[in-house]
Amino acid sequence: MKELMQRFDWRIYPLIVGEADVPQVLDAFWSLTREKSLVSVPIMAWLLMPMFEGEPILVDTGFRDADRCMKIQGLGPHRMNPEWTLETQLSKHGLKPEDIKTVILTHLHYDHAGGCALLSHAKFIIQRTELQAAAAPMVSPQLDFGGGALFYDRKDIADLIDPLWPRVQLIEGDEEVAPGVTCVLFANTHTPGSQAVYVQTSRGNAVILGDIARKVDLNINKGIPPGLFYDLEATYRAMKQIKKDADFILPSHDYEEVRKYSKGLPSEE
Ligand SMILES: [Zn+2]
């Protein structure tokens, strides 16, 4: 990605918008992790606040409904509480859902694209290939998890096609969507149209991963791919590229990493 001349100063806040128990094998290539147990992971959204004249941006929206996720996706228990709703999480930053005008969806899996209907005034920035793949996923009907649609919730995708369609903004490839905020397509990694979100801060580039990688140390630093990907080589290259580009790496399902930034990134102290 070309380096911009001007830097823009964003502050990034992690929002915990749910929790799920999922198989630990999702963290590492095939079953390189010997650990077969379930692990509790946060479901994340990210709030980007400009430290200059500008509007907040929300990255990802969490899941639709904990019981529905557990029943349909076949991964493990999912949990929600009043503290974790998008309304509560946004209110901690003085915002209401209708104040959010721009949402970037890293990809359209049920735990990232389930909260769109709540954001009544937002446009939704999505890679075209991701919406296409989500609408007609390649999946065996014999697979007994993933809701028969490879973790795309049919209701989320239906909503984006209609009634949310007038507010869907499809992009193709890399695009700066606000000053200092760039969507970077990493095709056929976690999903066909997964995008990372590169955000400029006063302390360097933060990269919001979506689920392109799950664990910063295992996947990015050690170079062991995560357990769920489309193209192994594309995933390797994405991890290498992100390692090179990022000063801060923000994964979607890693409590340890999220805790580092609970007061915002860069920290206010
Ligand atoms: Zn996810």
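Start at the zinc ion and select Asp111 (OD), His112 (NE2), Asp211 (OD) and His253 (NE2): these are its protein donors, lying 2.0 to 2.2 Å from it. Donors here are N, O and S atoms within 2.8 Å of the metal (3.2 Å for Na, K and Ca), and water is not among the atoms, so sites may look incomplete. Before you go on: this is a predicted model, in which local features need pLDDT of at least 70 and side-chain atom pairs count only at pLDDT 80 or more, while totals for chains, interfaces and linings use all residues. Residues are numbered from 1 along each chain as its sequence is written, and side-chain values use heavy atoms, with hydrogens and water left out.

Now look at the angles around the zinc ion. They run from 86 to 160 degrees among the four donor atoms, and the site is irregular. For that label, four donors count as tetrahedral if all angles lie between 85 and 135 degrees; four count as square planar and six as octahedral if opposite donors are over 155 degrees apart and all others between 65 and 115; anything else is irregular. For reference, the ideal angle for four tetrahedral donors is 109.5 degrees.

Along the chain, the zinc donors follow the spacing D-H-x98-D-x41-H. His112 sits in the loop between strand E5 (102-104) and strand E6 (123-127), and His253 in the loop between E12 and helix H7 (255-260), so the pair ties together parts 141 residues apart in sequence. Helices (H or I, at least four residues) and strands (E, at least two) are DSSP runs, numbered from the N terminus. The cut-offs are under 20% relative accessible area for buried, over 50% for exposed and partly exposed in between (1.4 Å probe, protein chains only).

Next, select E8 to E12. These five strands form an open sheet in the order E8-E9-E10-E11-E12, with mixed pairing; two strands pair if DSSP finds at least two bridges between them. E8 (175-178) and E12 (248-250) are the edge strands, each with a single partner, so one side of each has no neighbour in the sheet. Zoom in on E11 (residues 204-208), which runs parallel to E12 and is joined to it by three bridges. Ala206 is the residue opposite Phe248 in E12.

Pick E6, where four of its five residues are buried. E6 pairs in the parallel sense with E5 over three bridges and with E7 over four. Ile126 has Leu170 as its partner in E7.

Last stop: Asp67, in helix H1 (residues 66-73). Asp67 is exposed, at 58% relative accessibility.
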